[in-house]
Amino acid sequence: NNRRVAYIAKLLCESGVIPIISLISPLNESRNQARNIIGSDKFKLIYLSTPIETCINRNVSGLYSNKQKKNKNITGIDSQFDTPQEFFLEIDTSKTTIEESLEMLTRKLEI
């Protein structure tokens, strides 16, 4: 899925559009693949480094609730997550509001 999205992002970039895409991409391999497809000059990884405890406390979708224990492969719980080593911007949303996070992003992208 990430590979398909990366190809679409590449097409958008070639058309002069700046796509901002939100994906769960827990492995460095898939992030590097997307970077190679899109091109390292256009690919900007934004790492949302929110601690798992904050995700569990927010739990809007019920993903982490006891009722959902039958789910497997939950990123950060029982599925591998490679912490990004190279990123354009890191935002810890446990320490920033949505508005502050957006401001950080737009300032960094110079939009």
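The entries below go from the whole chain to single residues.

**Entry 1: the whole chain**

I noted at the start that this is a predicted model. I then listed the elements: the protein chain has 4 helices and 2 strands. Read from the N terminus, their order is α-α-β-α-β-α.

Next I looked up the dimensions. The C-alpha trace spans about 45 × 30 × 25 Å along its principal axes. The protein chain exposes about 8300 Å², and carbon and sulfur atoms supply 52% of that area. I also checked burial: 26% of the 111 residues count as buried.

Then I turned to contacts. I took those in the protein chain with a separation of 6 or more; 58% of them join residues 24 or more positions apart.

**Entry 2: helix 1**

I picked helix 1, residues 2-14. It has 13 residues and reaches 18 Å from its first C-alpha to its last. That is close to the 18 Å expected at 1.5 Å a residue.

Which residues of helix 1 are buried? I found Asn 2, Ala 6, Ala 9 and Cys 13. Looking down the axis of helix 1, I saw that its buried residues fall within an arc of 60 degrees, so they line one face of the helix. Helix 2 (28-38) is included in what covers them.

I turned to the face of helix 1 that points away from the buried side. The exposed residues there are Arg 4, Ile 8, Leu 11 and Glu 14.

I followed the chain past the end of helix 1. Just after the helix, Gly 16 takes a positive phi of about 90 degrees.

**Entry 3: a nonpolar patch**

I searched the surface for nonpolar side chains. Ile 8, Leu 12 and Val 17 make a nonpolar surface patch of about 230 Å². Ile 8 I had already listed among the exposed residues of helix 1. Leu 12 also has its place in helix 1.

Why does Leu 12 count as partly exposed? Its relative accessibility is 32%, and partly exposed covers what lies between under 20% for buried and over 50% for exposed.

**Entry 4: Asn 2**

I went back to Asn 2, which lies in helix 1. Asn 2 counts as buried because its relative accessibility is 17%, and buried means under 20%.

What does Asn 2 touch, leaving out residues up to four places away in sequence? I found Leu 23, Ile 24, Ser 25 and Ser 30.

**Entry 5: Asn 59**

Asn 59 lies in the loop between helix 3 (52-58) and strand 2 (89-91). Its relative accessible area is 22%, so Asn 59 is partly exposed.

I checked the backbone too. Phi of Asn 59 is near 35 degrees, a positive value in a residue other than glycine.

How far apart are Asn 2 and Asn 59? I read 57 residues in sequence and 24 Å in space, C-alpha to C-alpha.

**Entry 6: helix 4**

I finished with helix 4, residues 98-109. Helix 4 has 12 residues. From its first C-alpha to its last it reaches 16 Å, close to the 16 Å expected at 1.5 Å a residue.

I looked up what comes next. Glu 110 follows helix 4, and the phi of Glu 110 is positive, near 55 degrees.

How values were computed:
Residues numbered from 1 in each chain as written. Predicted model: local features only at pLDDT ≥ 70, side-chain atom pairs only at ≥ 80, totals over all residues. Heavy atoms only, no water. Patch = residues over 30% accessible without salt bridge, like charges linked within 9 Å, V, L, I, M, F, W, Y side chains within 5 Å. Areas by Shrake-Rupley, 256 points an atom, 1.4 Å probe, with all protein chains shown as cover. Salt bridge = Lys/Arg side-chain N within 4 Å of Asp/Glu carboxyl O. Buried < 20%, exposed > 50% of the residue type's maximum accessible area, 1.4 Å probe, protein only. Expected span 1.5 Å × (residues − 1). Arc of directions from axis to C-beta. Contact = heavy atoms within 4.5 Å.
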